[in-house]
Amino acid sequence: MFGILLSIIAGVLISLQNVFNTRISEKGGSWATTTIVLGIGLVVSIPVFFIMDDTHLLDLGGVHPIYLLGGVFGVGIVYGLMRGMQELGPAYAVSLVMVSQLALASTINTFGLFGFEEMAFTIEKAVGLGLLISGVLVYKLGGKVKIFEKTKKDTKTTVYDV
């Protein structure tokens with residue numbers, strides 16, 4: 001239950017962060033905003049680390065060096081979402097992020113990538129991913145594609161003399 005709560009809070013914070021970042025970038029530009037936001041994150045995370053964590057900051061023995069690319073990914077995440085929101089709007093951009101996250105996470109689970117245990121990709125998971133993708137399409141295309149709208153046929157009124 002705690003994991004669910006933390007995941008929901010993270011989702012809310014990601015959405016808020018990117019809305020705020022988009023507003024900052026209107027004045028400072030995308031790369032300046034990315035630098036400022038991640039710099040502030042660093043300044044905030046260092047004291048929190050020393051208060052909350054009981055490990056050494058750089059005690060990373062045994063960690064594969066490729067995993068350090070997470071910091072580079074952070075730059076891409078901030079920049080990409082900020083620009084995506086500028087181009088597409090917050091709801092559509094976040095919807096696409098959700099679909100891509102779930103698709104990649106499913107791939108990682110299915111094939112046991114990056115040291116995670118393999119998990120079968122079941123029909124239920126495929127249907128769930130398909131429904132999410134369908135939902136994003138309905139959200140984006142709703143109102144533009146008239147699937148359920150009845151077409152008006154030309155009706156001629158005939159007047160008969162009685």
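Of the contacts in the protein with a separation of 6 or more, 64% are made by residues 24 or more positions apart, where contact means heavy atoms within 4.5 Å. The structure is a predicted model, in which local features need pLDDT of at least 70 and side-chain atom pairs count only at pLDDT 80 or more, while totals for chains, interfaces and linings use all residues. Residues are numbered from 1 along each chain as its sequence is written, and side-chain values use heavy atoms, with hydrogens and water left out.

The protein contains five helices and zero strands, and its pattern along the sequence is α-α-α-α-α. Helices (H or I, at least four residues) and strands (E, at least two) are DSSP runs, numbered from the N terminus. Of the 162 residues, 14% count as buried; buried means under 20% relative accessible area, exposed over 50%, and partly exposed in between (1.4 Å probe, protein chains only).

Two packed helices are described by the angle between their axes and the distance between the axes. Axes are lines fitted to C-alpha atoms, for helices over the stretch in contact, and angles run from 0 to 180 degrees between N-to-C directions. Helix α1 (residues 2-28) packs with α3 at an angle of about 75 degrees, the axes being 9 Å apart. Helix α1 is therefore roughly perpendicular to α3; angles under 35 degrees count as roughly parallel, over 145 as roughly antiparallel, 65 to 115 as roughly perpendicular and the rest as oblique. On the α1 side, I14, S15, Q17, N18, V19, N21, T22 and S25 take part, and they meet I77, V78, L81, M82, M85 and Q86 in α3. The residues of this contact of α1 with α3 comprise seven nonpolar, seven polar and no charged. In this division Ala, Val, Leu, Ile, Met, Phe, Trp, Tyr, Cys and Pro count as nonpolar, Asp, Glu, Lys and Arg as charged, and the others, Gly among them, as polar.

Helix α3 (residues 70-88) also packs with helix α4 (residues 90-111), at an angle of about 130 degrees and with the axes 7 Å apart. The two helices α3 and α4 are therefore oblique to each other. In this pair, L81, G84, M85 and L88 of α3 meet P90, Y92, A93, V94, L96 and V97 of α4. The contact of α3 with α4 has nine nonpolar residues, one polar and no charged.

Individual residues were also examined. S30 belongs to helix α2 (residues 30-52) and is buried, with a relative accessible area of 11%. Leaving aside residues up to four places away in sequence, S30 touches S25, Y79, M82, R83 and Q86.

F114 lies in the loop between α4 and α5. This residue is exposed, with a relative accessible area of 52%, and the phi of F114 is near 55 degrees, a positive value in a residue other than glycine.

Helix α5 (residues 123-141) includes G135, and K125 is also placed in helix α5. G135 is partly exposed, at a relative accessible area of 35%, and its C-alpha atom is separated by 10.0 Å from that of V99, 36 residues apart along the chain. K125 is partly exposed, with a relative accessible area of 39%. The C-alpha atoms of K125 and S106, 19 residues apart along the chain, are separated by 8.3 Å. Residues up to four places away in sequence not being counted, K125 touches M119 and A120.
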